[in-house]
Amino acid sequence: MMNSGKSWTTPEADKATVIWGGKEVAPQTKTTGFLKQTINSDKIDPKLGQVTVTKTGPGIVQGGLFWQYYEDINNAKSTETYISMTREFYKKVKTTNGEELLKITENSPLNVGDRLTVRMILNSDRPMQYVHLKDMRAAGLEPVDVLSGYQYKNNLGYYQATKDASTNFYIYYMPKGKYVFEYDLVCNAAGSFSSGFATLQNYYAPQMNARTKGDKLEIKN
């Protein structure tokens, strides 16, 4: 490759034109050709989804393009592709008939010391391998299961790992069907906390992913 064609190291060979949203953008640094643009929300236009790169010199041009935006985590909406997922929160209470789960509502608020059960319901329309389920944890909660390890429940084997701000499930093989994941947390601080969202993604096919909506939890003294 290097012994054919014209010189790729001259200034003329480095020239490339980038048209984004109908306007030409220039690199901030001549050396790397790195382009970065910040657009305010009121300036976002559908035309910004179109990028054209034109190369007229004798050399080649290569690079990558990614679009990043920021949103309040509580306002995140649920998404689904080939798989879907929902997340529910329950308060675990002791009764004369044993432990029962009460769905978190305004009539059944959480208090410091309460035990909380997180339930995630997964649906897949096809068998999948190498799946990662990550559930964010609110700051006012502490995990009950802190030791990582392999588990087998509901005809599904997976490795569960608890981290500082999330609980993770690594699934080698998940047949087509519906699955329920549950784990417990303890309320250890009062306040209003963002619990983020849960994500499900295939490692080798990232387009196969799902996300729950963002939630808030209110813990009283």
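Because the model is predicted, local features need pLDDT of at least 70 and side-chain atom pairs count only at pLDDT 80 or more, while totals for chains, interfaces and linings use all residues. Residues are numbered from 1 along each chain as its sequence is written, and side-chain values use heavy atoms, with hydrogens and water left out.

Gln160 belongs to strand 11, residues 156-162 (strands are DSSP runs of E, at least two residues, numbered from the N terminus). Apart from neighbours within four places in sequence, its contacts (heavy atoms within 4.5 Å) include Asp145, Thr167, Phe169 and Tyr183. The side chains of Gln160 and Gln151 are joined by a polar contact of 2.9 Å (a pair of N or O atoms within 3.5 Å, one able to donate a hydrogen and the other to accept it; residues adjacent in sequence count only if both atoms are side-chain atoms).

Turning to the strands, strand 4 (83-95) pairs with strand 5 (residues 98-103) in the antiparallel sense over six bridges (pairing requires at least two bridges found by DSSP). The two strands form a hairpin with two residues between them, and Val93 stands opposite Glu100 of strand 5.

Note on methods. Helices (H or I, at least four residues) and strands (E, at least two) are DSSP runs, numbered from the N terminus.
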